Amino acid sequence: MEGLYLVFGEGLSEEANRLAQGLARALWQAPPPGLLEAVPAYATLYLEYDPKRLSRKALLRRLRGLAPEEEGVGRVVEIPVRYDGEDLQEVARRTGLSQVEVKRRHQAPLYRVYALGFTPGFPFLAPVDEALRLPRRAHPRPRVPAHSVAMAGAQTGIYPLPSPGGWHLLGTALVAVYDLHREPAFLLSPGDWVRFREAEGPPPPEPAPLDLLPPSPRFPALRVEEPGLLDLVVDGGRFGAGHLGLARSGPLDPYSAGVANRLVGNPAGTPLLEFAHKGPVLTALRALVAAFAGYGFVALLDGEEIAPGRSFLWPKGKALRFRPKGKGVRGYLAVAGGLEALPFWGSVSPDLRGRVGRPLGAGDVLGLKAVRPARPGLAFPMRPLSFRLRLLSGPDVSREALEAFLSAPFRVARADRMGVELLGPEVPGGEGLSKATPLGGVQVPPSGRPLVLLADKGSLGGYAMPVRVVPEDLWLLGQVWPGVEIVFTWDQYRDGYHMKLPWPPAREAP
């Protein structure tokens, strides 16, 4: 995949935002084959595409011939807010205003909805009164409560769901801006207008998950006797939904998932099982041809060890377990015909932050998508794990940031499906108006601690993004764990950013 940013203006420009939103809508009316995402923000439009199906030249030619779709008259939506945020007192102190005045000034404007993103339904609203504008927190909180009303710089917004976040919390919205079980699921749309009104009362409950597993599978295939730590049915991922804030999802290690599917003759992207850190115990409800791929585990069938990269016959009634062995943390189990699940926005992969789908639990029965014969006994050698990752420049590239990434190894502080947080040399960071965040983008907040964005990342973010990881290397980050060392190199042969380094760092061949 490749991507490009179109920039229509600077800062808070309603005209530029109308152009970005209108061009995105026009693209999705008749998307060219190979277009993966079109994510508008304040004054930018990020386009992601498959260069094997759509060249950059062809995409730009298509854009030149498009007329942006005109924006309709936006609704005015009143949002009741209980001003009980844990940062309200701190905001008053730092702005030199009373808490009463902070609340009054926050309620006074009529805010435009510039974009949805970050998490599903998160509205980016602006402009905030200049007297209230404060930079984001130096480092994001790991968890912001659902329905929190917050602000950062000229922006304000509402966290629909619990998530990490670096904005200042002012209060709690008393209506849900996102609920999959409501029609419409998204309360607000770009071009709408929002006015906040102080009120009292209980907040709405957190949105309930939307289950993607059919209650009665057509072809029952396996039963979960004991779940692992995070067992998910995933396919190739969810495309074309970034403008709503939905996560791409899909396998965190697409290389291993692809190996498992190929071993049983499934097409790429066929639904299969991903597990992490601790595998499940599964019983076959019919004779199956299955394959296991990944790192950090071996499969055990009737006590017989099955190494990763092999397909095998799984007799009816036999239990399959997974035992830790070697480096790595994720495994993938494919069955011939694929696993059955219900698609949402074109994918059966869960978006856990968006409450789309869920991990497997004890007693769940998974069915086959199709009954298809396959021959067991195939084996593919798995690539060795080497945590040397190549970098390309990002939209906020600087010589200082790139040199910091190349100066010394980093260690993984935290790793999950949203991203990998790194400790190491301090990298120059910063913040600005939110823009689209590509898969593999490396955000650097003012604290200087980088975060590599992975499959369940937010679709928009406002921290500096000086570099991004080469797409072909992203699968390696699906296998890292806290404490592992990562070495970055710069893929100058593919990069459009030219910098003469003061030393010749070791590089892999182009």
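This is a predicted model: local features need pLDDT of at least 70, side-chain atom pairs count only at pLDDT 80 or more; totals for chains, interfaces and linings use all residues.
Biologist: Which residues of helix α3 are buried, and why do they line one face?

Modeller: Helices here are DSSP runs of H or I with at least four residues, strands are runs of E with at least two, and both are numbered from the N terminus. Buried means under 20% relative accessible area, exposed over 50%, and partly exposed in between, with a 1.4 Å probe and protein chains only. In α3 (residues 88–95), the buried residues are Leu88, Val91, Ala92 and Thr95. They line one face because, seen down the helix axis, they fall within an arc (taken from the directions from the axis to the C-beta atoms) of 100°.

Biologist: Which residues are exposed on the other side of α3, and what covers its buried residues?

Modeller: Gln89 and Arg93 are exposed on the other side of α3. The cover of the buried residues, with contact meaning heavy atoms within 4.5 Å, includes α4 (99–107), β8 (148–152) and β11 (168–173).

Biologist: Why is strand β15 described as largely enclosed, and which residues lie on each side?

Modeller: Five of the five residues of β15 (residues 272–276) are buried, so the strand is largely enclosed by the rest of the structure. In a regular strand the side chains alternate between the two faces of the sheet. Both faces of β15 are covered, the buried residues being Leu272, Glu274 and Ala276 on one side and Leu273 and Phe275 on the other.

Biologist: Which residue of β22 is the bridge partner of Phe275?

Modeller: Two strands pair if DSSP finds at least two bridges between them. β15 pairs in the antiparallel sense with β14 (residues 232–234) over three bridges, and with β22 (residues 330–335) over four bridges, also antiparallel. Leu232 has Glu274 as its bridge partner in β15. For Phe275, the partner in β22 is Gly331.

Biologist: Which strands stand at the edges of the open sheet of six strands?

Modeller: The sheet has antiparallel pairing and the order β19-β18-β21-β16-β13-β23. Each edge strand has a single partner strand, so one side of each is left without a neighbour in the sheet; these strands are β19 (304–306) and β23 (365–367).

Biologist: How many aromatic pairs are found, and how is the pair of Phe122 and Phe124 classed?

Modeller: Rings of Phe, Tyr and Trp (its six-membered ring) pair if their centres lie within 6.5 Å; planes under 30 degrees apart count as stacked, over 60 as edge-to-face and the rest as tilted. A search of the whole structure gives 21 aromatic pairs. The ring centres of Phe122 and Phe124 are 4.9 Å apart with planes at 50°, so this pair is tilted.

Biologist: Which ring lies under the charged end of Arg353?

Modeller: A charge sits over a ring if NZ of Lys or CZ of Arg is within 6 Å of the ring centre and within 35 degrees of the ring normal. The charged end of Arg353 is 5.3 Å from the centre of the ring it sits over, that of Phe118.

Definitions and conventions
Residues are numbered from 1 along each chain as its sequence is written. Side-chain values use heavy atoms; hydrogens and water are left out.
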